[in-house]
Amino acid sequence: MDTFIQQIINGLTLGAVYAMVALGYTMVYGIIQLINFAHGEVVMIGAMVAFSVIGALLGLDSGLPPALIVLLGAAAAIPVCMAVAYAMERVAYRPLRGAPRLAPLITAIGVSIILQQLGMMIWSRNPLAFPQILENRIFHLGGATVSTVQLAIWLVAVSMMGALTLMIHRTRLGIAMRATSQNPQVAGLMGIDVNRVIAATFIIGAALAAIAGVMVGTYYGIAHYTMGSLLGLKAFCAAVLGGIGNLPGAMLGGLILGVVEALGAGYIGDFTGNWFGSNYQDVFAFIVLILVLVFRPSGLLGERVGDRT
Amino acid sequence: MNARAPLLQVTGLAVSYGGIKAVKGIDLEVASGEMVCLIGANGAGKTSTLKAIAGLLPVARDSIRFESEPIGGRPAFELVRRGLALVPEGRGVFSQLTVDENLAMGAYIRRDHAEIRRDLDNIFDLFPRLKERRQQTAGTLSGGEQQMLAIGRALMSRPRLLLLDEPSMGLAPLVVARIFEIITEVARQGVTVLVVEQNARLALQRCDRGYVMESGVVTLHDTASALLDNDQVRKAYLGE
């Protein structure tokens, strides 16, 4: 029972990160029906920029409180990721608007490789130790534990998702984004510059990805130039699980996927007589993806497939 | 700028899809304050003409002038700012957005919030049904209500020229009559109107002038009352 609760707690933490990344996939898909495979790389760049900034601030011996240093790391990562996302939309995807869907999809894979290699050139091919500077107090819940880092991740994730939801439903840009995703041509007739709305979508997704990158770095204490690809793929699974194009779906899908993965990792040994260990953790996301695609291709909350007029 | 120039002037407009010419060099004019219709059979090029004017199709720059400025091929989102609004064929409401949100998108280009609120009240006076359904998503409205929403939404941008594509399509006769009453009312309030319509009789009864299109060319244009009396029109479009 303690393992169960512990794995739920760990899963929700991981799930919060997946959810943040899945939102980026789902928003872009919702608006231009593109699966932006380079999105995971944006997470990596976010983690790496934060790593560099935090390292530099620590090197300065500035005496700033650790939480502020991490915050400054995130504050630097966010604009960099936004700029990267804007650049990839402008340079790689916009010229392909109206092209068959396979073209931008393959381009996205290309962009992903380019960003990954750039990451390697800038930050080396070695795993980097993400400075563990936040005081990590552990709270006991029965036999399970929750750390302050986990609580911080939840708090940030919940507030970011809340802010995004408000933005989408209450602001002019948010409503324009929804209008564009339903019918770009009519959106243009309203005076909406569809290209700007698409760029904004990429940029907002990138901000969430940057924050997710800082979260993963802080949580695992490690950053590597390939960290974005698997994380990105899993977040993509989460987006499909929730119903691609559906924002609450991405949030729900992320959380569920995190929990499934953590429970899977926690129990796989018991159920297979230790044939498989928790190093098979990564398998679960893809099992979930296959099950969803077979039994409910539209995802948990995705209701509309083909009702685009 | 020439004060005498028509609000909208189309000269030698040609539209083609791939190798197929849908509109083959037509001329058309709408003066400020007029209500003009474009009638003709299916596939005559009416919708293409309207789409080209609204900036949805690539056409030669000089073939369309709005307030004497060449606007051919300019993107739709820019033309809205100049005072052009199109109510597209099939209404094109954002079905997952609420009525309020749809209308807010109509006013997307505007920042004068007090005036927007006043215009919203006017729209609700014009279409009381919409007021009752403000929080409903547009997809749950009936066809007639969606058409009203599409017209109201277009008016929210305060257009000088309102373009309507087949406003009667798929609606019951009573609803169609009501929609045309409203369009006439909008025109009376000073909005210039160009309407594409298959229901030729209704359109000609309401409009000042009419253009008849056939296979991509304008075959006739005259005052609406003259067209109603024209033998050719009566035979081909009024079923007499």
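Reader: Which residue of β2(B) stands opposite B:L8?
Author: This is a predicted model, where local features need pLDDT of at least 70, side-chain atom pairs count only at pLDDT 80 or more, and totals for chains, interfaces and linings use all residues. On bookkeeping, residues are numbered from 1 along each chain as its sequence is written, chains are lettered from A and ligands numbered from 1 in the order in which they are written, and side-chain values use heavy atoms, with hydrogens and water left out. Strand β1 (residues 8–17) of chain B runs antiparallel to β2(B), with eight bridges joining them; strands (E, at least two residues) and helices (H or I, at least four) are DSSP runs, numbered from the N terminus. In β2(B), the residue facing B:L8 is B:V30.

Reader: OK, and which strands are the edges of that open sheet in chain B?
Author: The sheet has four strands in the order β2-β1-β4-β5, with antiparallel pairing; two strands pair if DSSP finds at least two bridges between them. An edge strand pairs on one side only, and in chain B that picks out β2 (20–30) and β5 (69–70).

Reader: At about what angle does helix α1 of chain B run to β1(B)?
Author: Helix α1 (residues 46–54) lies across β1, β2 and β4 (64–66) of chain B. Axes are lines fitted to C-alpha atoms, for helices over the stretch in contact, and angles run from 0 to 180 degrees between N-to-C directions. To β1(B), the helix runs at about 115°.

Reader: Which turn residue has a positive phi between β9(B) and β10(B)?
Author: These strands form a hairpin with two residues between them. B:R209 stands opposite B:T223 in β10(B). In the turn, phi is about 45° for B:S215.

Reader: Over to chain A: what handedness does the crossing of α2(A) and α4(A) have?
Author: Helix α2 (residues 39–59) and helix α4 (residues 102–123) of chain A pack at about 15°, axes 9 Å apart. That makes α2(A) roughly parallel to α4(A); angles under 35 degrees count as roughly parallel, over 145 as roughly antiparallel, 65 to 115 as roughly perpendicular and the rest as oblique. A crossing is left-handed if the near helix is turned anticlockwise from the far one by less than a right angle, and right-handed if clockwise. For α2(A) and α4(A), it is left-handed.

Reader: How many nonpolar residues are in the contact of α1(A) with α5(A)?
Author: The axes of α1 (residues 2–32) and α5 (residues 148–170) of chain A come within 9 Å and cross at roughly 30°. Residues in the contact include A:L12 and A:M20 of α1(A), plus A:W154 and A:M161 of α5(A). Ala, Val, Leu, Ile, Met, Phe, Trp, Tyr, Cys and Pro count as nonpolar, Asp, Glu, Lys and Arg as charged, and the others, Gly among them, as polar. The contact has three polar residues and no charged ones, and its nonpolar count is 14.

Reader: How are α3(A) and α4(A) oriented to each other?
Author: Helix α3 (residues 66–93) of chain A packs with α4(A) at about 135°, with axes 11 Å apart. Their crossing is right-handed, and among the residues that meet are A:V84 and A:Y93 in α3(A) and A:P104 and A:L115 in α4(A). The two helices are therefore oblique.

Reader: Finally, what is the radius of gyration of chain A?
Author: Chain A has 11 helices and four strands, and its C-alpha trace spans about 60 × 50 × 35 Å along the principal axes. The radius of gyration is taken over C-alpha atoms, and the globule rule is 2.2 Å times the number of residues to the power 0.38. For 309 residues the rule gives 19 Å, and chain A is close to that, so it is as compact as a globular protein of that length. The radius of gyration of chain A is 19 Å.

Definitions and conventions. Contact = heavy atoms within 4.5 Å.
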